Amino acid sequence: MARRPGEPRPSTGPRSWWRAGSGARAKSGAGTESGAGTESGAGTESGGRTESGTRKESRGRARYRPRTPFWQRLTWPRVGDSSVAGQVFVFQAVIVLLLVAAAATAVVLQAHRDSEKEATNRSLAVAQTFANSPGIVAALRSPDPTAILQPRAEAARKLSGVDFVVVLNKQGIRYTHPNPARIGQHFIGTYRPAVEGHTVTGKSPGTLGPAVYAVVPVFAPSGKVVGLVSAGITVAKVSSAVEEQLPVLLGAAAGGLLLTTAGTVFMNRRLRRQTHGLGPAEMTRMYEHHDAVLHAVREGVLIVGGDGRLLLANDEAALLLDLPRFPEGRHVTELGLAPEATRLLTSERVADDEVVTTGDRQLVVNRRPTDQAGGPAGWVTTLRDSTELRALSGRAETARGRLTLLYEASTQIGTTLDVTRTAEELARVAVPRFADFVTVDLAEPVLRGKEPGPATADGDGLRRIALHGVADDSPLYRVGVEFSLMESTPQSESLASGEPVLTTDLHSSDTWSLHDPERGELLLAYGFHSFITVPLLARGVLMGMVNFWRGQRPEPFEPDDLSLAGELAARAAVCIDNARRYTHEHTMAVVLQHSLLPNRLPDQTALDLAYRYLPAESGVGGDWFDVLTLPGARVALVVGDVVGHGLHAAATMGRLRTAVANFSALDLPPEELLGHLDELVSRIDEEEGGYDPEAAEADGATETAGIGPVDSSRVASGASRAPDAARPPGSPDSPHLSDSSRSAEDTAQLSGGRTPVTGATCVYAVYDPASGRCTVARAGHPPPALVHPDGTAEFLELPAGLPLGLGGLPYETTEFTLPEGSRLVLYTDGLVEDRRWDIDVGLERLRTTLAGTTGPDPEATCESVLAALVPDRPGDDIAVLVARVRRIEADRIAEWSVPPDPAAVAGVRAEVSHRLTEWGLEEAAFTTELVLSELITNAIRYATGPIGVRLLRDRTLICEVSDTSSTSPHLRTAAATDEGGRGLFLVAQFADRWGTRYTAGGKVIWTETALPRGGG
């Protein structure tokens, strides 16, 4: 019967069912010696059976019967016995059997491997012996090899015990076989390696079981393979010594099982004797302990009989179900339980952790029948109170959901350094788990990377940046709408105070929509009922606000939601401020890079040019290019790559580009120009002191690189053609750089960190359209590519040279003759390098792409190269410069050799005047004759060796006088009393430009004069 807490337990009553059950179990104990009349006790001495198998009793004592042998009185364990001895016996037997099975398996497998190995060795030995036997080479070369070799092969097969010895020719045709009908047929198996002099072993199914075979070559004295010999044998014919171990193993296993059985029998007998020592007092005490535990546990226990009456209920069950006093013996329907609990307890079904509500409690119920193991009919039910646990679990689940949302927000907000993208990520992460709709409004200056003014705190000049919700038809302001707030609204209050503001019921509040009452009515009609407005405040900068709305779910926001909303907004505000700062800094870098890269290419007639510049996803970098005009209608092409990204890399790129332009003005050969550039880079590194990674990390730790898709607007492109070549419509004239993202290295650069300049690369090429010669040198840069007029592409072979700043070795120049119409392609390593493959693979991809481009148009070449090689998210800057080669027509060039005689000057002047007349440049004749007279006269007077004169009719009229002297004339102001010194002064006055360039054989003094109108 059930007791109230503290009530004494009755000594008699319906609980006798439980005691009777325990007594019944005590009576059925096995192995008793004096408990005559037991039902299941076996092997008793004084209460046993007679020889006829019938029980004889007289006056309460057993009659005399002969003593049974000892082995018959042993208690043998049964497989299904639940005693400890039986369990130990089964466990030991299983272990022994498993060990025997494992050992037998290992022996069988070893025997199989040994047999297969022995069969292979025997086949190989027989084949090699027969192949090396005397006379076999001669027999193979005889007219009828079968007649000679068949008897010998059969004799060898019988003596060796193999299944076959087959001689083949090199085509695999059998000369011998145990079955003469197969002679002349093709050998079945692998033999090709043996033809090449190798030994072949293999396996085949075989008609008599698995077999192995070997094929060996037959070598002539010259070492040449003249035939093959194959031998094979069935694996089953080869016996292994391991098989002899199986009887011993099985015998040992049988002995082990016998010992295990004997030991278990004696253990079982001993345990039965020890169990007999447990008396009624001990059994009662054990029951009392069990009863005490049953009523002390914090889990209710009910036992209902097969007739539906309650047999047992512990104290916890009486408390949970509010049972009446002494409920044992009553029917379940008479206990006054809740209908749901009554239906479950009277049903005939099993319950697993089923929740049942009784009053204000929620109970977890488990129910099992008692007759599963042959016990009495009935049901055992356990009850556990989960009311407080479920309440705590609900609160914990809410807290866990909020923590999960905050964790996801930390990983999903701020993935890029783009203000709009960050605002959209905030809106997406909060819908739908926290809010039904989210709007983000920012001050206009924030979008431009600037710090907003004090008007933001008043709600003026806000722009909707992000809107995300569970539906797309809400009446909220669309993205891009500008608006201002009025005072006394929750939004204005939040901006002014810097704290989140909660409006739980929009219907009862009339201040939240003062700035737009009509839209407020639309929002209420749509179903919005509560919202939270939170300011976006980071590092003391107020940038805008975020609003969390609920309208689809019925639950309004609660005060506990303010902390979560504030945390989401605070994390997003830091990311938006990072993006704002980056936008400001990146804009500066972009403007700087715009100013440092060529805005347009110079006008010239030597090359048709096109270029592309694509910055990396991580931001602006240090790749650069330039096209420079040189005297004599020559053009210099240069492409370089500076280490790193960001503001410092862009500034360094500008310094190097300016240096190259200045060095090229001196008309230095490519190798000397790179040498001077190498010294400049070393000096820059020494002056700036290298790279400070700690400063870069400290300044850029809060900023994260964003990676977005590549679009065509990020590609800086341009083209320059000869004046008579058509420029494609819509070709851009200036580069357009991306400001969508940058890397941590970019952040370090913009924040003041420095990357070393050492390691920068450069390639410098000078093309002369008069001769078609191109002189190239490079400093650690990828080699230029040349696309011939027939479409074939190759890389120019020239020394690589060390990157700039390393010093130590001079640079080398290589000269090439470029066919007219060919295309010279210069590029940076970002075009061919990729983490997915080696640079050689990238170079080959570039060569294949160039060879597949159709037409000589440099613009089309640039487009094809970028489309084929640039990934969606380039990790490095890419610069491509394509130049189609042109030549100056021979009729635009005039050359003369002048003897070192002053009298020859007049003849040269006459020939020059005649040629200018042919070119239609009569107006330039006087000036040109004067200039040439002075230059030739100076060469005759001061220089040595042959003197050459050349006229080039290009965009300007170019006059060149060459000699073998390396002394350059200098312009000076002659005194009034000086007889000479005015020649170069006259040249400088009449020529637009003049200068000196040195060659391997001396120097060239050149002048450029503008062509008269109509003379071009």
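Hi everyone, let's start with threonine 761: leaving aside residues up to four places away in sequence, threonine 761 touches Val639, Gly640, Asp641, Ala779, Gly780, His781 and Pro803. Please keep in mind that this is a predicted model.

Where does threonine 761 sit? Threonine 761 is found in strand β22, which covers residues 761–768. Is threonine 761 buried or exposed? Its relative accessibility is 12%, and the cut-off for buried is under 20%, so threonine 761 counts as buried.

Now to some helix packing. Take α15, residues 561–596, and α16, residues 647–665: they pack at an angle of about 10°, and their axes are 9 Å apart. Therefore α15 is roughly parallel to α16. The crossing of α15 past α16 is left-handed. On the α15 side, the contact is made by Met588, Ala589, Leu592, Gln593 and Leu596, while α16 brings Leu647, Ala650, Ala651, Met653, Gly654 and Arg657. Sorted by class, that contact has 8 nonpolar, 2 polar and 1 charged residues.

My last pair is α20, residues 839–852, with α21, residues 858–869. Their axes come within 10 Å and cross at roughly 140°, so α20 is oblique to α21. Here α20 passes α21 in a right-handed crossing. Arg845, Leu846, Thr849 and Leu850 of α20 meet Thr861, Ser864, Val865, Ala868 and Leu869 of α21. By class, the residues of this contact divide into 5 nonpolar, 3 polar and 1 charged.

Terms used: Residues are numbered from 1 along each chain as its sequence is written. This is a predicted model: local features need pLDDT of at least 70, side-chain atom pairs count only at pLDDT 80 or more; totals for chains, interfaces and linings use all residues. Side-chain values use heavy atoms; hydrogens and water are left out. Axes are lines fitted to C-alpha atoms, for helices over the stretch in contact, and angles run from 0 to 180 degrees between N-to-C directions. Helices (H or I, at least four residues) and strands (E, at least two) are DSSP runs, numbered from the N terminus. Angles under 35 degrees count as roughly parallel, over 145 as roughly antiparallel, 65 to 115 as roughly perpendicular and the rest as oblique. A crossing is left-handed if the near helix is turned anticlockwise from the far one by less than a right angle, and right-handed if clockwise. Contact means heavy atoms within 4.5 Å. Ala, Val, Leu, Ile, Met, Phe, Trp, Tyr, Cys and Pro count as nonpolar, Asp, Glu, Lys and Arg as charged, and the others, Gly among them, as polar. Buried means under 20% relative accessible area, exposed over 50%, partly exposed in between (1.4 Å probe, protein chains only).
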